[in-house]
Amino acid sequence: RLSAMWYYEMEYIAQKTPSRADGVELVLELEYRKEGARFLMDMGTKMGLRYDTIATGMVFFHRFFMCQSFVKFDRWLLSAVCLLLAGKVEETPKKCKDIYRTAKALLIEDQLKGFGGEAWKDEMLIHERVLLQSIRFDLQVSHPYAFILKFAKAFKGDRAKVQKVVQMAWTFVNDSFYTTVCLRWMPHVIAVALLNLASKLSKIELHVSPEHADASLPAKAKWWDHFLSDCTEELLEEISEDVVKLYQESEEKKKKKTGQAGHSKASSAVQARKSSVPPPPPSSPQTMMDPAVQLAALEQQLKDPNLAPVVRQSLQIQAAMQKQLIHQHQTMLAAANAAAGQTFPASAGWIPPVGGMQSQVRPGWMNK
């Protein structure tokens, strides 16, 4: 069972967090959360930690800052401390010195100030105690990964297509920890929402096999109705929205950087002409992105000036997803295969709903 105290309405996050009380605006707090979670992900990946350990650390990070303020606690230090505690909880412990060494390799000097210089070990251990007290010693964390794998076994049809949807949803879950999704929705609901998003973007319909279907439901029931009760498509889209925004913001930042780079190149060309020195040849597209067939096809479609805005937005999101999938494919596939061989505890089955926003897992199919 999961504790209900760690789930919040967006209104509460927007107005009543300790950081808001200290004058930190919502946009800045969300940026701090994203930076801390990304840093934790980078540390965990660099240290070869399992995906579930990294995810647990990010959940601890988000929960801590629902109790404490970004004004009073250094986000870089707390990210490292959350990873330290997560390693112990998930039985993949790492020594303080190894985490600090990794953090030191990833951060610039100003970002390391919170570690206290030579007293870094004392600072980490002291803040670990503060972390435990802040999260009320509640170390039980469940993630959407297990539910994605459980739900995937219930789908019928081409296994290669189902695997493609699962891989894309897995990536979405990874990135969802950069947002407040894990503070607002329970893991089984997040799993369904991101499987639905992956299904839409990959244009692969999901269908539940008869042995996993709920016979009491009408024939036209949505696939997620077999797993969740009282769940609407609008609710799933609301959950997916944060993840989609994350990619849209990433694309906007890339465009700004590209624009700045273009301006710099133009300036360089002018200077080159003035000095009678020919400018360097432009970079080949092949050196700028992975030449994956699907990505190339998407980029080609985006060149069409007559695309409808909705279609263009969908293609841009798919292109962003494909870039991440190419980058993360090997790591993600290895993690998924490892997880598929695990036996998940019975407690990962039925989880009670929290408030009116949460949907309840239908318990029947879990026992089939």
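Rings of Phe, Tyr and Trp (its six-membered ring) count as an aromatic pair if their centres lie within 6.5 Å; planes under 30 degrees apart are stacked, over 60 edge-to-face, and the rest tilted. The structure holds 21 aromatic pairs. Phe147 and Phe151 form one that is tilted, with 6.1 Å centre to centre and 40° between the planes. Both residues lie in helix 8 (residues 144-152), four residues apart, about one turn of the helix. Helices are DSSP runs (H or I, at least four residues), numbered from the N terminus. The table gives the relative accessible area of the two residues, where buried means under 20%, exposed over 50% and partly exposed in between (1.4 Å probe, protein chains only).

| Residue | Relative accessible area | Class |
|---|---|---|
| Phe147 | 1% | buried |
| Phe151 | 0% | buried |

Tyr32, Phe61, Phe64, Phe65, Phe70 and Phe73 form one aromatic cluster.

This is a predicted model, in which local features need pLDDT of at least 70 and side-chain atom pairs count only at pLDDT 80 or more, while totals for chains, interfaces and linings use all residues. Residues are numbered from 1 along each chain as its sequence is written, and side-chain values use heavy atoms, with hydrogens and water left out.

The pLDDT is the predictor's confidence in each residue, from 0 to 100. Its mean over the chain is 78, and 70% of the residues reach 70 or more. Among the elements, helix 5 (residues 75-89) has the highest mean pLDDT (97) and helix 13 (residues 285-288) the lowest (30). Over residues 269-291 the pLDDT is below 50. Where pLDDT is low, the predicted coordinates should not be read in detail.

How values were computed:
Helices (H or I, at least four residues) and strands (E, at least two) are DSSP runs, numbered from the N terminus. Contact means heavy atoms within 4.5 Å.
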